[in-house]
Amino acid sequence: MNSSPKYAAVLFDCDGVLVDSERLTNTVLWEMLNELGWQISREECVSRFVGKMLRDEADVIEEQSGFRIDAQWLSEFRGRRNDALEASLEAIPGVAEAVRALDTAYPGRLACASSADRSKINLQLQKIGLLDAFDGRIFSGMELPQSKPAPDVYLAAANALGVDPVKTAVIEDSPTGVTAGVAAGAHVLGFCPDSPVHQRPEALEGVGAHEIFTAMDQLPGLLLH
C-alpha cells in the first residue's frame, strides 16, 4: 500500500471519534437529569442522547421531568461537563497516530465537524494534542441553521476546503452523525469499537454507513490507496 489519498478530504466527527468524551459527558447529563427527577438509566441516557444536541431534546426532557431546560440549566451542564473533560478526557486509542498519518497524506484537507459548541471542540482537541492537525478547519453545528442529523456542518466543512462533499470521507460513530454524512453525499465510515457508549455496527449500517471499522489503527488503510 502506498499513501495516496482515496478522497478529496476527510471530515471527522469529534466526540466518540477523536476523543473518548461520551462516557464523561453522558455521566454529567445522567446525573443532572436524575436531579430533575427523571430516573433515567445510564444505558437509556446513552441511547437517547449520544450524538444529539441537548437544546433539540428540550421537549422530551420536559415530558419526562416536568422541567423545561433553559439557558441557565444548559450553562450549568456545560460547566460541569467541561470540568469533567478537563479532569479526565482521553483520546480514542490510536487516534493520534491515525490522524498524524492522514495529515501527511491529506495536508490541509482534514477537518473536524461536530455538533458541539466550538469552545468544547477546541478544549478537547487541545487536551489530546491534536488541535494543530485541524487548525482553521473546525466546524460547529451550533453555528449553523441546523445541526446533525442535517448535513449542514459537513457541507460547510467541504465548502471551506473547496471540495465536492460527494468526494469526501466522513468518520462518524452515531446514527445521528452517519445520517448527516450520508445526507451530505459523503462516503461514511462508521466507527464501532466495543464500548458501552458506542453503537453496534447494525445501528450505523441501518442509517447508511458505507463501511464499518472497530479500531483507529484500521483507518489509514481505509482512506489510502
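Reader: Which residues of helix 5 (residues 95-105) are buried?

Author: Val-95, Ala-98, Val-99, Leu-102 and Ala-105 are buried. Buried means under 20% relative accessible area; exposed means over 50%, and partly exposed lies in between (1.4 Å probe, protein chains only). The model is predicted: local features need pLDDT of at least 70, side-chain atom pairs count only at pLDDT 80 or more, and totals for chains, interfaces and linings use all residues. Residues are numbered from 1 along each chain as its sequence is written, and side-chain values use heavy atoms, with hydrogens and water left out.

Reader: Why are the buried residues of helix 5 said to line one face?

Author: Seen down the helix 5 axis, the buried residues fall within an arc of 120°, so they line one face. The arc is that of the directions from the helix axis to the C-beta atoms. The face turned away from the buried side carries exposed Glu-97 and Thr-104.

Reader: What covers the buried residues of helix 5?

Author: The cover includes strand 1 (9-12), strand 2 (110-114) and helix 10 (219-223). Helices (H or I, at least four residues) and strands (E, at least two) are DSSP runs, numbered from the N terminus.

Reader: Which members of the largest nonpolar core touch the most other members?

Author: Phe-12, Leu-18, Phe-134 and Leu-223 do, in a core of 36 residues. Such a core is a set of buried Ala, Val, Leu, Ile, Met, Phe, Trp, Tyr and Cys residues joined through side-chain atoms within 4.5 Å. Helix 5 gives the most to this core, with 4 residues. A second, separate core of 21 residues includes Leu-11, Val-163, Val-178 and Val-188.

Reader: Why is Gln-124 called buried?

Author: Its relative accessible area is 0%. The cut-off is under 20%, so Gln-124 qualifies as buried. Gln-124 lies in helix 6. Not counting residues up to four places away in sequence, Gln-124 touches Cys-14, Asp-15, Val-19, Ser-21, Leu-85 and Leu-89. Contact means heavy atoms within 4.5 Å.
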